[in-house]
Structures are given as C-alpha cells and as structure tokens.
Amino acid sequence: MAKLAYSGFKDFLLFVIVCVLALSSSVSARPATFLQDFQVTWSDSHIRQLDGGRAIQLVLDQNSGCGFASKYKYLFGRVSIKIKLVPGDSAGTVTAFYMNSDTDSVRDELDFEFLGNRTGQPYTVQTNVYAHGKGDREQRINLWFDPSAEFHTYTIMWNHRHVVFYVDEVPIRVYKNNEAKGIPYPKFQPMGVFSTLWEADDWATRGGLEKIDWSKAPFYAYYKDFDIEGCPVPGPQNCASNANNWWEGAAYQALSPVEARRYRWVRMNHMIYDYCTDKSRYPVTPPECVAGI
C-alpha cells in the first residue's frame with residue numbers, strides 16, 4: 001500500500017510540474033515586452049517605453065521620426081501588434097508596421113502603412129506585397145473606425161498557402177500562393193518585423209496635396225501587446241516546413257466562411273484603391289489579379 005501511495009504521489013507531482021511548466025510557457029510567450037523581441041533601430045530618443053516595457057510611445061517631430069525592428073527574422077507564422085495611431089491632424093505622417101527580408105534587389109516584404117489625415121477624414125491603410133523583389137501591389141482601404149481613439153489589433157498571417165492582413169480579426173487583404181501559375185510568392189527568405197513613424201507629406205495624404213502641419217507636432221503613436229509566433233531564423237532546419245506548425249493547419253489554409261463574409265464586406269464598402277483595377281498603371285491586368293488574390 002505504501003508503495004502504491006508513493007507511486008500515486010509521484011504521478012500527481014509530475015502532473016503538477018508539467019501543468020506549471022506549460023502555464024509559465026504560455027504566459028511568457030505572449031504578449032511579450034518590447035525588449036524581449038525588439039530593438040530600436042532609429043532615433044532611440046523618440047521611442048519611450050511605458051508600463052514596464054509592455055507598451056511604447058513613438059514620437060515624430062521636426063528633428064526626427066523613429067523606428068524599431070525585431071531581434072530575429074522569421075520564416076512563416078503570425079505577427080500581431082496593437083496600435084493606437086496619431087490623433088487629430090495627422091496629415092503627412094506615416095505609421096508603418098511590416099515584415100521585410102532586409103535584402104535589396106530580391107527583397108520580400110509585407111506592408112501595413114497607415115496614412116495620416118486631416119481632422120475629420122477617415123484614416124487610410126495601404127497594404128503592399130513584395131515577392132522576389134517585385135512590389136507595386138498597393139491596395140488601400142478607409143478604416144471603419146477612428147484608430148487613434150483606442151488600440152486596435154493589426155496582424156500579418158503568413159504560411160505556405162497565403163498571406164492575410166487582418167484588422168481586429170477582419171481580413172482586409174489576401175495574397176495567395178500562385179507559384180503553380182508562375183507568380184512569385186514570398187517563401188524562401190526569412191523576414192524581420194519592423195515599424196516606423198515618419199514624415200512623408202510628398203505622397204502620404206491625398207497623394208501629397210495635404211502637407212504636414214508642424215505646429216501640431218510632436219505626433220505620437222502607441223504600441224502594445226507584441227506577439228510574434230513563427231519560426232525564428234537561425235533555428236531548427238525543419239521548422240519552416242513543418243506541417244505541425246499551427247499556422248500551417250487546415251483551419252489556416254483558407255478564410256473561414258465568417259472571415260470570407262467580412263472580407264467581402266471590407267472590399268465592397270471600404271476599399272478605395274486596388275492596383276489590380278488601375279488601368280493607367282497596368283493596361284494589362286497583373287497575372288496574380290487574374291489568378292485570384
């Protein structure tokens with residue numbers, strides 16, 4: 001009886017240890033503090049840590065903008081950040097959140113660019129996809145809420161099947177893997193996670209017609225809940241292609257029926273520009289548009 005009791009106690013103790021380790025692992029994995037996953041790349045004095053590093057403030061003034069990047073590159077996965085954008089008259093400012101292979105002629109890149117506005121006008125989000133050095137795939141939507149009033153979640157999901165850009169779990173853009181039709185797809189180069197706040201009044205607001213009003217400076221954007229789940233590079237050789245990675249699972253190979261309805265709603269009601277239909281730039285429709293994005 002004593003041996004059985006001891007054996008049962010050991011099993012119970014092992015169960016408790018496993019549960020504690022699992023809980024601590026899941027808690028520490030996300031959301032991370034800023035310095036766990038990121039480092040300042042541009043103008044350290046213009047990025048301020050808040051709430052013990054669980055949030056940051058980006059500052060743009062006449063002296064400088066600023067930027068940060070992940071410490072590692074990743075090959076497939078999901079990146080998500082909550083952002084509260086520049087409020088009020090933000091014309092001429094750009095807040096960017098993107099993934100980039102940090103290579104030149106053949107770079108891969110997945111972009112969120114939030115284009116500032118004059119007070120009362122909707123905030124525009126521009127997305128772009130670079131694959132094997134080819135970009136110029138801009139799409140723009142007007143957000144259906146005020147993104148400067150509170151935090152909203154912006155996510156890039158990237159797997160072997162497609163890239164999906166989400167705003168608060170609403171898909172606003174899908175770029176499918178159409179390699180079988182000879183269309184480049186970003187899958188060979190790991191990408192880092194980057195963000196910047198900068199002045200671009202030569203193009204950002206109404207094509208550069210609305211200039212930045214420096215009397216409204218400094219401009220602030222806020223970030224929190226930094227969440228990167230992917231295959232860090234360097235890392236295990238089989239991680240990127242492992243079918244057991246959750247982002248490669250069946251549930252993430254295509255939009256769910258609910259997501260598909262939300263996606264159509266965004267495209268019908270909030271899209272203001274799509275390179276696929278811009279005949280002045282592309283008299284011949286780009287092949288990925290014909291293949292279905």
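**K216 is partly exposed, at a relative accessible area of 44%, and pairs with D213 in a salt bridge.** The model shown is predicted: local features need pLDDT of at least 70, side-chain atom pairs count only at pLDDT 80 or more, and totals for chains, interfaces and linings use all residues. Residues are numbered from 1 along each chain as its sequence is written, and side-chain values use heavy atoms, with hydrogens and water left out. The closest N and O atoms of K216 and D213 are 2.9 Å apart; a salt bridge is a side-chain nitrogen of Lys or Arg within 4 Å of a carboxyl oxygen of Asp or Glu. D213 counts as partly exposed because its relative accessible area is 23% (buried means under 20%, exposed over 50%, partly exposed in between, with a 1.4 Å probe and protein chains only).

**R281 and E138 form a salt bridge between two loops.** Their closest N and O atoms lie 2.9 Å apart. R281 belongs to the loop between β15 and α4, and E138 to the loop between β8 (124-130) and β9 (139-142), so the pair ties together parts that are 143 residues apart in sequence. Helices (H or I, at least four residues) and strands (E, at least two) are DSSP runs, numbered from the N terminus. R281 is partly exposed, with 34% relative accessibility, whereas E138 is buried, at 13%.

**E179 and K187 meet through their side chains in a further salt bridge.** The N to O distance is 3.1 Å. With a relative accessible area of 29%, E179 is partly exposed; K187 is partly exposed as well, at 24%. The structure holds 11 salt bridges.

**C276 and C289 are joined by a disulfide.** A disulfide is a pair of cysteine sulfur atoms within 2.5 Å, and here the S to S distance is 1.9 Å. The link is left-handed, with -75° about the S-S bond. The pair links distant parts of the chain: C276 lies in the loop between β15 (271-274) and α4 (287-291), while C289 sits in helix α4, 13 residues apart. Both C276 and C289 are buried.

**A disulfide also connects C231 with C239.** The two sulfur atoms are 2.1 Å apart. The angle about the S-S bond is -80°, and this link is left-handed. C231 and C239 are both buried. Two disulfides are found in a search of the whole structure; with bonded cysteines counted along the chain, their pattern is 1-2, 3-4.

**The largest pocket holds about 220 Å³ of space.** Of the 14 residues that line this pocket, L115, T124, A204, T205 and R206 lie nearest its centre. On a 1 Å grid over the protein atoms alone, a pocket is an open set of points with protein on both sides within 12 Å along at least five of seven lines, a cavity is a set where a 1.4 Å probe fits but cannot get out, and lining residues have an atom within 4 Å of a point. Grid points are joined across faces, edges and corners, and a volume is the space filled by probe spheres set on the points.

**The largest cavity has a volume of about 40 Å³.** Its lining consists of Y74, F76, G77, R78, V79, M99, W158, I228, E229 and G230. Strands β5 (73-84) and β14 are the elements that give two or more residues to this lining, and β5 supplies the largest share, five residues.

**The second largest cavity has a volume of about 40 Å³.** V125, T127, Q139, R140, I141, I172, R173, R267 and M271 line this cavity. Two or more residues come from each of β8, β9 and β12 (170-176); β9 gives the most, with three residues.

**E109 and E113 are listed by UniProt, in an unreviewed entry, for "active site".** UniProt positions are given in the numbering used here, feature names are shortened, and annotations may be inferred rather than shown by experiment. E109 lies in strand β7 (residues 109-115). At 8% relative accessibility, E109 is buried.

**D201 is found in the loop between β13 (192-199) and β14 (219-233).** D201 is buried, with a relative accessible area of 15%. The C-alpha atoms of D201 and A91 are separated by 7.2 Å, although the two residues are 110 residues apart along the chain.
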